[in-house]
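Take a first look at the structure below. The report then goes through its pocket, its cores and its salt bridges.

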Amino acid sequence: MNIYLPEAGYLALLLSCGTSWLTVYIAGQGRGMGPVVAATQAQFLLLALAFCMLIICFLGDDFSVEYVARHSHRLLPRGLALAAVWSGHEGSLLLWVLSLCLWSVLFARRYRHDPDPLYPRVLGILALITALLLMLVIGLADPFARLLPPAVEGRDLAPVLQHPGGIVHPPLLYLGYSGLMLVAAVVVAALLTGRFCSATARVCWRWAVPGWCALTLGILSGAWWAYGVLGWGGWWFWDPVENAALLPWLSATALLHTLSVARRRARFYYWSQLLAIITLVFVLLGILMVRSGVLLSVHAFAPGERQALPLFALFTLLSLAALGIFGRRAGYGRLRSAGPGPEETGILAAALLFSAVLLIVLTGTLYPMLHSLLGRGRISVGAAYFNRATLPFGLLMLVAIIMVSVQRVPGRAFFSRLPALLAHGGVLLAAAGIAASVITRQEISLNMVAGQQVALGGYRFRFERVDLIARENYTSEQALITLWRGEQQTGQLRPGRRFYTTRRQTMMIPGITSGLLYDGYAVLGEKTGPQRYALRLYIQTGISWIWGGGLLMVAGGLCSAWQGRWRRG
């Protein structure tokens, strides 16, 4: 391996940061898209080069790099070594900035021949955010910092992250965040020029849809990851960091609905602008909550107290700037026309309900943090608050979605309504899955020996045996449990207890078998006697509907984006 690779990566970061500031300057000169596009592409290529160098350091086990030594190991499988690249504060923040640059390049290439002065302003705003984030990376979160003397071996990846979800969840989440930041940049640029119109709303909608789809997939993959790793039989815990991803999703979902009207009927301009800015604020709030160390969470990074003040300053600067521009310029482009029709009323009602849920989640998430910052001790707001407070609004949202979906609009063919029907059908399917899983869930904890079986929820769990397994970086006791419905075997579960040798940590990995109408779930606990183990068993209906509903929502969004491209709308 090239011994100067980390230094070359750091140099690429410096050059990318400088190019970002150059992009800001060029965009402010009003010289058209050509120079701005070239600078944006150079900025992305330099950052991508730095990120590739970091990946090479991980794949090559370069433990002279402190970040690699803290998050990797020679015996770590190569796929998980890739996940280790963004498993810590430094690499994940760099991935976030790279995602933002990727959206900038895609936007630049899409409008590279368009003379509209709006587009250079958008790229200038994105370059400004990129430059500020890169300054944070270079100054406080350098992923290429050397460790002298070099470590002989790495500390290994945290056991909870050694799952396929660790590979796909963070990139999808950051692509979603960055795509929605692009939409906010379009709105801010339009407010600065004072010409937010239906054409601008179409541009916002075109980029909001893929950003929302990526964020939805990110949240869905995170829920699947939690379900398959944490061992408590659930997929959502109302953890503060989970809520940090949910908040921009709620505001972005409301934004999509208002933009769908604004781009076609010149209404809801004010709502669209406000929701885009709020989404940006919540994305930035997520950066602060996850990375400042003010929250205790299995998802949160703990980079050190010196990170908190710069992160808070970044959040304050960008949020107040965006809100200030909105406050001064939002009146431009606001139409005063006749009242909304039935479909628009339903969409507005859905947006208001999404906003109500957003406020409930925001209150429950921030209150413990503020309580702690004021020196009044640590408290927690549990799932009971969120479930009870959001349930009425969730039910009303479902009613509004059904009303909008069945609303007959003259002259609109079934094909044009298909994306909305898919997305709304996905919401209903996921909601049915959530309700079914809560209502039908049954669990039992007991000690079992090989050959013993227990009935639960109309099924029988039979404990067959325990096998000893050795892998590259862990050893495991893995049970084989068969699931029976009457005299027919419907599935197998293989829960295990893994001991990670480098971290000296034991982790319980659930065994799961899924069907359309059931999920069997088993967790293997301590050995309590000769061939006797503690087991926790679950049976529930609807989990597969949640995953299917989420995928249907994304399919509806992608169909909508393709349909809009096909129509050139």
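## The largest pocket

The lining of the largest pocket divides into 29 nonpolar, nine polar and two charged residues. Here Ala, Val, Leu, Ile, Met, Phe, Trp, Tyr, Cys and Pro count as nonpolar, Asp, Glu, Lys and Arg as charged, and the others, Gly among them, as polar. In total, 40 residues line this pocket. Trp 235, Trp 238, Ala 430, Ala 431 and Ile 434 lie nearest its centre. The space inside is about 1400 Å³, a volume being the space filled by probe spheres set on grid points joined across faces, edges and corners.

A pocket is an open set of points on a 1 Å grid over the protein atoms alone, where a 1.4 Å probe fits, with protein on both sides within 12 Å along at least five of seven lines; lining residues have an atom within 4 Å of a point. H13 supplies the largest share of the lining, ten residues. Helices H8 (198-229) and H14 (414-440) are among those that each supply at least two. Helices are DSSP runs (H or I, at least four residues) and strands are too (E, at least two), numbered from the N terminus.

## How the model is read

This is a predicted model: local features need pLDDT of at least 70, side-chain atom pairs count only at pLDDT 80 or more, and totals for chains, interfaces and linings use all residues. Residues are numbered from 1 along each chain as its sequence is written, and side-chain values use heavy atoms, with hydrogens and water left out.

## Nonpolar cores

The largest nonpolar core has 149 residues. Such a core is a set of buried Ala, Val, Leu, Ile, Met, Phe, Trp, Tyr and Cys residues joined through side-chain atoms within 4.5 Å. Leu 13, Phe 107, Val 122 and Trp 249 touch the most other members. Helix H7 (residues 165-193) gives the most to this core, 15 residues. Apart from it lies another core of 19 residues, including Met 448 and Tyr 459.

## Salt bridges

The whole structure holds eleven salt bridges (a side-chain nitrogen of Lys or Arg within 4 Å of a carboxyl oxygen of Asp or Glu). Arg 497 and Glu 477 meet in one, at 2.8 Å from N to O. This pair links distant parts of the chain, strand E6 (residues 496-500) and strand E4 (residues 474-485). Both Arg 497 and Glu 477 are buried, where buried means under 20% relative accessible area, exposed over 50% and partly exposed in between (1.4 Å probe, protein chains only).

Glu 7 bridges to Arg 146, with the closest N and O atoms 2.9 Å apart. Glu 7 is partly exposed at 36% relative accessibility. Glu 66, Arg 70 and Glu 90 are linked in a network of salt bridges.
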